[in-house]
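Open the model in your viewer and keep the sequence panel beside it. Each stop below says what to select and what is there.

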Amino acid sequence: MWNESDNKLYRKFEFKDFSQAFAFMTRVALAAEKMDHHPLWTNVYNKVEIWLSTHDAGDVVTEKDRKLAALIDKLV
């Protein structure tokens, strides 16, 4: 479930291992590139954290972020 705070959508994902986490990040990267909307994210071993906001709208949550979040949910 995505949480909205500090003008960002946030969600933490946990996978079986690094390979699954990295594969997920690759799927997200390809989708984000198609949308020309790129997340702020971190990865440590099997954990991926993602923050979404729209930089060109003043670093606030926009419909663009909500669409990417919904797409990311489908890629899990």
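Start with glutamate 14 and lysine 47: their side chains meet in a salt bridge, 4.0 Å from N to O. A salt bridge here is a side-chain nitrogen of Lys or Arg within 4 Å of a carboxyl oxygen of Asp or Glu. The pair links distant parts of the chain, with glutamate 14 in strand E2 and lysine 47 in strand E4, 33 residues apart. Strands (E, at least two residues) and helices (H or I, at least four) are DSSP runs, numbered from the N terminus. Glutamate 14 is exposed at 56% relative accessibility, while lysine 47 is partly exposed at 31%. Buried means under 20% relative accessible area, exposed over 50% and partly exposed in between, using a 1.4 Å probe and protein chains only.

This is a predicted model: local features need pLDDT of at least 70, side-chain atom pairs count only at pLDDT 80 or more, and totals for chains, interfaces and linings use all residues. Residues are numbered from 1 along each chain as its sequence is written, and side-chain values use heavy atoms, leaving out hydrogens and water.

**The other salt bridges**

The count comes to three salt bridges. Select aspartate 73 and arginine 11 next; their closest N and O atoms are 2.5 Å apart. This pair also links distant parts: aspartate 73 is in helix H2 and arginine 11 in strand E2, 62 residues apart. Aspartate 73 is partly exposed at 33%. Arginine 11 counts as buried, at 19%.

Now select glutamate 4 and arginine 66, bridged at 3.0 Å, N to O. Glutamate 4 lies in strand E1 and arginine 66 in helix H2, so the pair ties together parts 62 residues apart in sequence. Glutamate 4 is partly exposed at 48%, and arginine 66 is partly exposed at 38%.

**The sheet**

Switch to cartoon. Four strands form an open sheet in the order E1-E2-E4-E3, with antiparallel pairing. E1 (3–5) and E3 (40–44) stand at the edges with a single partner strand each, so one side of each has no neighbour in the sheet. Neighbouring strands are turned by 20 degrees against each other on average, direction ignored. Helix H1 packs on the sheet and touches E2, E3 and E4; its direction makes about 165 degrees with that of E3. Contact means heavy atoms within 4.5 Å. Axes are lines fitted to C-alpha atoms, for helices over the stretch in contact, and angles run from 0 to 180 degrees between N-to-C directions.

Walk across the strands. Two strands pair if DSSP finds at least two bridges between them.

- E1 and E2 run antiparallel, joined by three bridges; serine 5 has lysine 8 in E2 as its bridge partner.
- E2 and E4 run antiparallel, joined by six bridges; arginine 11 has isoleucine 50 in E4 as its bridge partner.
- E3 and E4 pair antiparallel over five bridges; threonine 42 stands opposite glutamate 49 in E4.

Zoom in on the E3–E4 hairpin, which has two residues between its strands. Tyrosine 45 in the turn has a positive phi of about 50 degrees.

**The core**

Which residues touch the most other members of the largest nonpolar core? Select Trp2, Phe13, Phe24, Val48, Ile50, Leu52 and Ile72, out of 18 residues in this core. A nonpolar core is a set of buried Ala, Val, Leu, Ile, Met, Phe, Trp, Tyr and Cys residues joined through side-chain atoms within 4.5 Å. E2, H1, E4 and helix H2 (63–75) each give two or more residues. H1 gives the most, with six.

**The aromatic rings**

Five aromatic pairs are found in the whole structure. Rings of Phe, Tyr and Trp (its six-membered ring) pair if their centres lie within 6.5 Å; planes under 30 degrees apart count as stacked, over 60 as edge-to-face and the rest as tilted. Select tyrosine 10 and tryptophan 51: a tilted pair, 5.3 Å centre to centre with 45 degrees between the planes. Tyrosine 10 lies in E2 and tryptophan 51 in E4, so the pair ties together parts 41 residues apart in sequence. Tyrosine 10 is partly exposed at 23%.

Finish on phenylalanine 13 and phenylalanine 24, a tilted pair at 4.8 Å and 45 degrees. Both are buried. Trp2, Phe13, Phe15 and Phe24 form one aromatic cluster.
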